[in-house]
Amino acid sequence: MKAIVISEPGEAEVLQLQEVDDPIIKDDEVLIKVEATALNRADTLQRKGLYPPPKGASPFLGLECSGIVEAVGRNVSRWKIGDQVCALLAGGGYAEKVAVPAGQVLPIPPGVSLKDAASLPEVACTVWSTVFMTSRLSRGETLLVHGGSSGIGTFAIQIAKYQGARVFVTAGSEDKLAVCKDLGADVCINYKTEDFVARVKEETDGKGLSLKVPFPECLFLPKIAALKLYALTGVDVILDSIGAPYFQRNLESLNLDGRLFIIGTMGGAVTQLDFRSLFAKRLTVQAAGLRNRSLENKAVIVSEVEKIVWPAIAAGKVKPVIFKYLPLSAAAEAHKLMESSKHIGKILLAP
């Protein structure tokens, strides 16, 4: 089969289309003939040698795909040859065929084309596992998504609105913010021209209120007093892929009992933390990736996504946002486009 190979760590030009051996499936795996795969930021890091695949995973790029089942392992009962599916991968999507654990395979949602379905598994599993399964965003709460026009962002807006949340987003241009607004975002913030902390407080009626109580006195504040001071002065959950530059500002943007979930460090990975900023508002900071989780954990996430998220897609409440389709041979061009940050939504590659 043909696959994109990283000739050596480096810039996009190191991506080359080559003939490689077909994958051999294990007893609990499915072999998929790939219809399309989608780019993710992690792909560009792996290309540079900064994000190696987990032990035992395909060495090739690609964290999600769609296609047709070509073979099944002896322990696989749900899927059969000829099924149209999409899948969450630990690698291997940038190829004509890929072997996938059966628990990471999903049916194509009604109303979505086989090709477009490649844009869904990674974003759906990432957003659902972080914002909902871990940070427990609930109806009536407020979510702030940094990078609202990204693949993660465009999906997060839609599923959060479907679940009854109020959604804030940041993005770097008015065109991107317009798309976010069309997808349902309630408050759209241009991070290049606005201070998102001030805007969040303004939009949540905080008017810049803050609680300046030294540690350890802050631990003994009456609960009622704390609630009174902090009511409606921030968002409940933040999904962040920027990292260090936004860390303290994110904490300032959270409401009482707020949750910050970090899924990337595009702006830097090292910062300082004054623990007093956590104590006063009982904040929770969480971080996790998806690729290195156990097969069992991924299967649980995929199962929840199918049960809860797929019906929203079938109902037309959540839709794929595709920026551009390119042939697999144009993987280098696709990486350059992603790194330019000029895209909105997902970039797809088709063998």
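Axes here are lines fitted to C-alpha atoms, for helices over the stretch in contact, with angles running from 0 to 180 degrees between N-to-C directions, and helices (H or I, at least four residues) and strands (E, at least two) are DSSP runs numbered from the N terminus. The model is predicted, so that local features need pLDDT of at least 70 and side-chain atom pairs count only at pLDDT 80 or more, while totals for chains, interfaces and linings use all residues. Residues are numbered from 1 along each chain as its sequence is written, and side-chain values use heavy atoms, with hydrogens and water left out.

**Exercise 1.** Describe how helix α2 and helix α9 pack.

*Solution.* Helix α2 (residues 121-134) meets helix α9 (residues 295-314) at an angle of about 90°, and their axes lie 9 Å apart. This makes α2 roughly perpendicular to α9, a class that covers 65 to 115 degrees. The contact (heavy atoms within 4.5 Å) involves, among others, W128 and M133 of α2 and I301 and W310 of α9.

**Exercise 2.** Characterise the lining of the second largest pocket.

*Solution.* The volume of this second largest pocket is about 590 Å³. Of its 32 lining residues, E29, G56, A57, S58 and A99 are the closest to the centre. Strand β6 (97-101) and α9 each supply at least two lining residues, and β6 gives the most, with five.

**Exercise 3.** Compare the radius of gyration of the chain with that of a compact globule.

*Solution.* For 351 residues, a compact globule would have a radius of gyration near 20 Å, and the 21 Å of the chain agrees with this; the radius is taken over C-alpha atoms, and the globule rule is 2.2 Å times the number of residues to the power 0.38.

Terms used. Parallel < 35°, antiparallel > 145°, perpendicular 65-115°, else oblique. 1 Å grid on protein atoms, 1.4 Å probe; cavity = no way out; pocket = protein on both sides within 12 Å on 5 of 7 lines; lining within 4 Å. Points joined across faces, edges and corners; volume = space filled by probe spheres on them. Nonpolar A, V, L, I, M, F, W, Y, C, P; charged D, E, K, R; others polar.
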